[in-house]
Amino acid sequence: MITTRAAVVEEAGAPFTVQEVTLDEPRPTEVLVRMVAAGLCHTDLLVRAAGAPFRLPGVLGHEGAGVVERVGSAVTSVEPGDQVVLSFTSCGACVGCRDGHPAYCASWMAHNLLAGTRVDGSATLSRDGRPLGGRFFGQSSFAEYALADERSVVRVGPDADLAVLAPLGCGVLTGFGTVWNVLRPAPGQTLAVFGTGTVGLAAVMAAAQLPLVTVVGIDLLPERLALAAELGATHTVTAGKEDVAARLAEITGGRGVDAVVETTASPEVLRGAVDGLAVRGQCAVVGAPPPGTEVALDMQGLLTGKRVVGVTIGDADPAALIPRLIRLHQDGGLPLERLVRYYTLDELNRAAADMHQGRTVKPVIRFAAP
């Protein structure tokens with residue numbers, strides 16, 4: 001057993017409280033990771049607010065990065081001393097996993113979110129002898145040590161800056177994967193991104209790597225739009241001050257947008273995004289609203305060949321896409337430093353407030369060296 005400090009959420013809507021918890025020893029397919037950094041994602045806040053099911057009290061965190069301390073007997077992909085970035089986990093055996101689409105694993109919810117335990121029901125975390133919700137996205141990385149599933153672990157180079165790379169595991173993976181894996185806009189086409197948080201800005205940076213004629217960033221916050229323009233957006237639209245539909249029509253010469261990334265989880269925004277599509281345009285729905293959220297669409301408008309597709313974590317295989325993103329970062333095409341602001345584990349509540357209020361794009365918890 002390993003004793004470690006972790007940020008625990010006691011119940012729905014409660015703040016993060018840092019306290020000592022006990023971590024189980026690695027099972028055969030598990031990896032003990034000493035955390036160096038962990039990104040804070042809107043999904044963490046959604047789950048904390050009970051917008052998605054997870055066992056509480058529990059430990060969240062799903063954008064971890066750290067150093068391997070110990071490995072289970074069946075682990076072959078990493079060894080002690082390796083630097084790793086953590087992402088979601090998957091079963092590895094279903095049709096989705098075998099076909100290279102682990103984000104659509106047949107048991108994705110059970111492995112990453114619902115149980116807060118291993119698949120066999122055993123807990124990875126406890127406090128005073130009582131189980132805690134853990135194994136969040138295969139990791140629960142808001143802790144100084146995390147017990148990760150091997151399929152959550154991606155080995156990176158020994159010189160990689162883990163404090164910068166931590167957001168790759170979810171938010172950045174989602175933005176890039178949605179553009180590169182799902183939408184795949186053709187040369188000369190147009191793309192609009194609704195919402196320029198981490199996922200939206202990652203989508204802008206992904207689009208900037210393609211020969212597109214127009215990339216539009218749309219947000220309520222002028223400072224986010226200024227950053228989007230610096231990262232590759234050719235046009236920006238300030239929602240709430242400008243008529244978004246009219247501006248998109250103006251920018252595209254009235255034909256509409258070929259591809260849209262919708263990150264806001266707002267039914268009203270999604271409706272406007274779909275209405276603004278060009279003939280045969282496609283809209284990727286990335287934002288995660290509370291369960292049961294519905295949207296009304298113009299069915300007649302869909303008959304022009306418009307497509308609306310839901311996307312989980314960019315339909316990405318972390319083992320394949322994360323190394324590509326690291327190379328892009330090294331080459332200067334993915335300036336993650338522009339998004340990140342650092343906090344300590346004890347400042348996690350302030351980090352959450354700063355992100356919610358738009359003061360920080362991507363909070364990253366940086367753990368003290370042992």
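The sulfur of Cys41 lies 4.1 Å from the closest cysteine sulfur, that of Cys170, which is too far for a bond. A disulfide is taken here as a pair of cysteine sulfur atoms within 2.5 Å, and the structure holds zero of them. Seen from Cys170, the closest cysteine sulfur is that of Cys41, again at 4.1 Å and too far for a bond. Cys41 is buried, at a relative accessible area of 8%, and Cys170 is buried at 7%. Buried denotes a relative accessible area under 20%, exposed over 50%, and partly exposed the range in between (1.4 Å probe, protein chains only).

The model is predicted, and local features need pLDDT of at least 70, side-chain atom pairs count only at pLDDT 80 or more, and totals for chains, interfaces and linings use all residues. Residues are numbered from 1 along each chain as its sequence is written, and side-chain values use heavy atoms, with hydrogens and water left out.

The protein contains 12 helices and 18 strands; helices (H or I, at least four residues) and strands (E, at least two) are DSSP runs, numbered from the N terminus. For 370 residues, a compact globule would have a radius of gyration near 21 Å, and the value of 20 Å for the protein agrees with this. The radius is taken over C-alpha atoms, and the globule rule is 2.2 Å times the number of residues to the power 0.38. The C-alpha trace spans about 65 × 40 × 40 Å along the principal axes.

Of the 370 residues, 55% count as buried. The accessible surface of the protein amounts to about 15000 Å², and carbon and sulfur atoms contribute 52% of it. Accessible areas come from the Shrake-Rupley method with a 1.4 Å probe, and for residues only the protein chains shown count as cover. Among contacts with a separation of 6 or more, 69% join residues 24 or more positions apart, where contact means heavy atoms within 4.5 Å. The protein carries 30 positive and 38 negative charges, whose mean positions are 2 Å apart. In this count Lys and Arg are positive and Asp and Glu negative, while His and the chain ends are not counted; each charge is placed at NZ of Lys, CZ of Arg, CG of Asp or CD of Glu.

Helix α6 (residues 198–208) is mostly covered, with 10 of its 11 residues buried. The buried residues are Thr198, Val199, Gly200, Leu201, Ala202, Ala203, Val204, Met205, Ala206 and Ala207. Their cover includes the helices α5 (171–183) and α7 (222–231), together with the strands β11 (190–194), β12 (214–219), β14 (257–262) and β18 (362–366).

Gly358 counts as buried at 15% relative accessibility. Apart from neighbours within four places in sequence, Gly358 is in contact with Leu221, Glu223 and Arg224. Leu221 is 137 residues away along the chain, and the C-alpha atoms of Gly358 and Leu221 are separated by 7.8 Å.

Pro323 is located in helix α11 (residues 318–330) and is partly exposed, with a relative accessible area of 23%. Leaving aside neighbours within four places in sequence, Pro323 is in contact with Val154 and Pro318. The C-alpha atoms of Pro323 and Gly157, 166 residues apart along the chain, lie 9.5 Å from each other. Arg130, in strand β8 (residues 130–132), is exposed at 63% relative accessibility. A C-alpha separation of 9.6 Å is found between Arg130 and Thr22, which are 108 residues apart along the chain.

Backbone geometry was also examined. Most residues other than glycine have a negative phi, and most peptide bonds are trans. The peptide bond from Leu56 to Pro57 is cis, with omega near 0°, and Pro57 lies in the loop between α1 (42–48) and β4 (58–59). Ala265 has a positive phi, near 65°. This residue, Ala265, belongs to the loop between β14 and α9 (267–275) and is partly exposed, with a relative accessible area of 23%. Phi of Arg280 is likewise positive, near 65°. Arg280 lies in strand β15 (residues 277–285) and is exposed, with a relative accessible area of 65%.
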